[in-house]
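Colleague: I am new to this structure and would like to understand what the words used for it rest on. Could we look at it together and take the terms one by one?

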Amino acid sequence: MGVSAPQSRINVAIAVWEWGAYYSDLRLTWAPYRRPSPETAPVHSKAAGLYMICTISKHAAEAKGFGDALMLDYEGYLAETTGANLFLVIDGELHTPTPDRFLNGLTRRTAIDLARGRGVNVVERRIPPEDLKIAQEIFVTGTAAELTPVRAVDDLNFQVGPITRQLGRRLPRHYPRPHRPGRPRRRVTALSVCVFCGARYGARESYAAAAIELGRGLASRGWRLVYGGGDVGLMGTVADATLSSGGEVLGIIPARLLEREVGKREVDQFEVTETMAERKERMIAASTPSSSCPAASAPSTSCSR
Amino acid sequence: MTLRQLGFIDKPIVLVDVDGYWQPFMRLFEQIVDEAFAEKDATSLVEVAGSVEGALGVLAVGGASLKP
C-alpha cells in the first residue's frame, strides 16, 4: 500500500540519553538478508525501511552469540554491518566498499580523511567476501560504533593491528567535546589560525623568538595552528612551539615539497596536496570558516622564499 | 590580500611586525594607494601588529571587517 503523505503534519521528537560503547569485542556472522539495489530502495537514507532487514539480521546474529551481522549487497559483494561501515586493511592499504548501495557514513568519511592524512592509501571498490581471508585487520565505523575493531567473522579471526589502533586513537579528536553539566561553557571561540612564515630562520634571533611566542600563544588559547607542514626554518619553529605547549597542529604540504621543506609528520593532522595552489585552498578552507576567521602572518611570508 | 579585497575570503590578516620587518612592505603599499592603483581603504585589508600578543588580540576580536 502506498500512503499519500505530503499533506500530513510532521511531528519531530528528539530523545537524548547516555550511551556506552555500541560494540564490545565485536565478532560478526553473516546476515540472512542482503542490502537491496539502489533501484529497489532509497539506500542512502537512514529512514527507508532498511532498518527492518538490519534489525532482523542483528537479532539473528545476537541469537547465535555474535555482536552483529555482516551484510552482502544484492550482487554478493561486502556491504557493511547492520549499522556501521566496513574497512579491511590489506598489505598496509585501507580497502572499503564503494558506498553507492548503502549510506556513506560521516564517521566513514572522517576515517578515510584521517587515513589519507597519515599517508595510508585508501581504495574504494567492490570487495568480494573472499577478500576477508587476505585482510590483516578489519574494523567498522559509525556514529554509534565510532571505530570498532572486528575480532572475528564467523571462524575467521583478526588481530587489532597498527592501522586500526592509530585511526581509533585519532578519531575521537574529531568529535565535538561534550559539555559537562554544571560547568559554564567557555564562550571563547576556538579558532584555526593560518600562519605563513619563513622556511628559513632569517637574520635575527627575534624572528624565531616571535615564532615561539606565537606557537605558545595559539596553544594556550586552544586555537589550532594551520601551516605549511614543513619542519624547516620558522615553519618548524612555530609548529614545534604549538605542539610542545599542547596545541593542535594541521600541516598542509604539496608532495613536491615533502623533501625540501621536510614534511613534519608528527603533527596531529597532516595533508599532502598535489600543487601549491591546492595547498593554499586547503589552508583557507581549514581556517575557521567565518568572518572571525583569521590568517596571521609571521615575519616573512611563504611567498618570499 | 587580493582574495580578501575581491571578497573571496573575509578573514582578518595580521602581519607580525618583528623589529619593523614589514615597514618597507607597508611603504610600498602606501605608494600603491598614493599612485592611485588601489582605493584608500585598501590599507584596511591587513593589520600590522607590533607584537605577537597584539596579533593574537586582533585575531581574538576577529579583526576589522571590510564591510562595516
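Colleague: In which strand of chain A is A:Glu146 found?

Modeller: A:Glu146 is found in strand S8 of chain A, which covers residues 146–153; strands (E, at least two residues) and helices (H or I, at least four residues) are DSSP runs, numbered from the N terminus. Please keep in mind that this is a predicted model, in which local features need pLDDT of at least 70, side-chain atom pairs count only at pLDDT 80 or more, and totals for chains, interfaces and linings use all residues. Residues are numbered from 1 along each chain as its sequence is written, chains are lettered from A and ligands numbered from 1 in the order in which they are written, and side-chain values use heavy atoms, with hydrogens and water left out.

Colleague: Why is A:Glu146 called partly exposed?

Modeller: Buried means under 20% relative accessible area, exposed over 50%, and partly exposed in between, with a 1.4 Å probe and protein chains only. A:Glu146 has a relative accessible area of 39%, and therefore it is called partly exposed.

Colleague: What is there to say about the phi of A:Glu146?

Modeller: The phi of A:Glu146 is positive, about 50 degrees, although this residue is not a glycine. Most residues other than glycine have a negative phi. B:Ala36 also has a positive phi, near 65 degrees, and is a residue other than glycine; B:Ala36 lies in the loop between helix H2 (23–34) and strand S2 (47–49) of chain B.

Colleague: Why is B:Ala36 counted as exposed?

Modeller: The relative accessible area of B:Ala36 is 65%, so the residue passes the cut-off and counts as exposed.

Colleague: What makes A:Ile138 a buried residue, and which residues is it in contact with?

Modeller: A:Ile138, in strand S7 (residues 137–142) of chain A, has a relative accessibility of 1% and therefore counts as buried. Contact means heavy atoms within 4.5 Å, and, leaving aside neighbours within four places in sequence, A:Ile138 is in contact with A:Leu86, A:Phe87, A:Leu88, A:Leu132, A:Pro149, A:Val150 and A:Phe158. A:Ile138 and A:Phe158 are 20 residues apart in sequence, with a C-alpha to C-alpha distance of 7.0 Å.

Colleague: Why is A:Gly263 called partly exposed?

Modeller: The relative accessible area of A:Gly263 is 21%, so it is called partly exposed. A:Gly263 lies in the loop between helix H6 (257–260) and strand S13 (269–273) of chain A, and, not counting residues up to four places away in sequence, it touches A:Gly229, A:Ile253, A:Leu258 and A:Phe270.

Colleague: How do you know how many disulfides there are over all chains?

Modeller: A disulfide is a pair of cysteine sulfur atoms within 2.5 Å, and by this rule the count over all chains comes to zero. As for individual cysteines, A:Cys54 has 5% relative accessibility and so counts as buried, and A:Cys194, at 3%, therefore counts as buried too.

Colleague: What makes the crossing of H4(A) with H5(A) right-handed or left-handed?

Modeller: A crossing is left-handed if the near helix is turned anticlockwise from the far one by less than a right angle, and right-handed if clockwise; H4(A) passes H5(A) in a right-handed crossing. The axes of helix H4 (residues 205–220) and helix H5 (residues 233–244) of chain A come within 7 Å and cross at roughly 35 degrees, where axes are lines fitted to C-alpha atoms, for helices over the stretch in contact, and angles run from 0 to 180 degrees between N-to-C directions.

Colleague: How do the residues of the contact of H4(A) with H5(A) divide?

Modeller: The residues of this contact divide into ten nonpolar, three polar and one charged. Here Ala, Val, Leu, Ile, Met, Phe, Trp, Tyr, Cys and Pro count as nonpolar, Asp, Glu, Lys and Arg as charged, and the others, Gly among them, as polar.

Colleague: Which residues of H4(A) and H3(B) meet?

Modeller: A:Ala210, A:Glu213, A:Leu214, A:Gly217 and A:Leu218 in H4(A) meet B:Val52, B:Glu53 and B:Leu56 in H3(B). By class, this contact has five nonpolar, one polar and two charged residues.
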